[in-house]
Amino acid sequence: MADFWLITWLVLGVSTIICLSLVGYRLAKATKRISRSIDPIDQKIKALRLEVSALKHARSDRQRRLNKVNYPTTKKG
């Protein structure tokens, strides 16, 4: 009877290890798939951030030029 319980526990232990390894493998595959689908979105976000930064920079340069045109530094008269 002791051999029966020993074999039962061994079978349960081995099957548990196999199941956990399969779950880990599938989780790793899912993680890779998700990261591949998110990567293009991250690239687009980076490009948009650069574009927004460039637009802000251009706007501040334009404002600076307009302010110089409106207020000349030389006095007339």
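Is Arg-64 buried, partly exposed or exposed? Arg-64 counts as partly exposed, at 44% relative accessibility; buried means under 20% relative accessible area, exposed over 50%, and partly exposed in between (1.4 Å probe, protein chains only). Keep in mind that this is a predicted model, where local features need pLDDT of at least 70, side-chain atom pairs count only at pLDDT 80 or more, and totals for chains, interfaces and linings use all residues. Residues are numbered from 1 along each chain as its sequence is written, and side-chain values use heavy atoms, with hydrogens and water left out.

**Overall picture**
- The protein has 1 helix and 0 strands; these are DSSP runs numbered from the N terminus (helices H or I, at least four residues; strands E, at least two).
- Of its 77 residues, 0% count as buried.

**The salt bridge**
- A search of the whole structure turns up 1 salt bridge, meaning a side-chain nitrogen of Lys or Arg within 4 Å of a carboxyl oxygen of Asp or Glu.
- Here the side chains of Asp-61 and Arg-64 meet, at 2.2 Å from N to O.
- Both residues lie in helix 1, 3 residues apart, which is about one turn of the helix.
- Asp-61 is partly exposed too, with a relative accessible area of 23%.

**The nonpolar patch**
- Met-1, Phe-4, Trp-5, Trp-9 and Leu-12 make a nonpolar surface patch of about 670 Å².
- Patches are made of residues with over 30% relative accessible area and no salt bridge; like charges are joined within 9 Å, and nonpolar side chains (Val, Leu, Ile, Met, Phe, Trp, Tyr) within 5 Å.
- Leu-12 sits in helix 1 (residues 2-70) and is partly exposed at 43% relative accessibility.

Notes. Areas by Shrake-Rupley, 256 points an atom, 1.4 Å probe, with all protein chains shown as cover.
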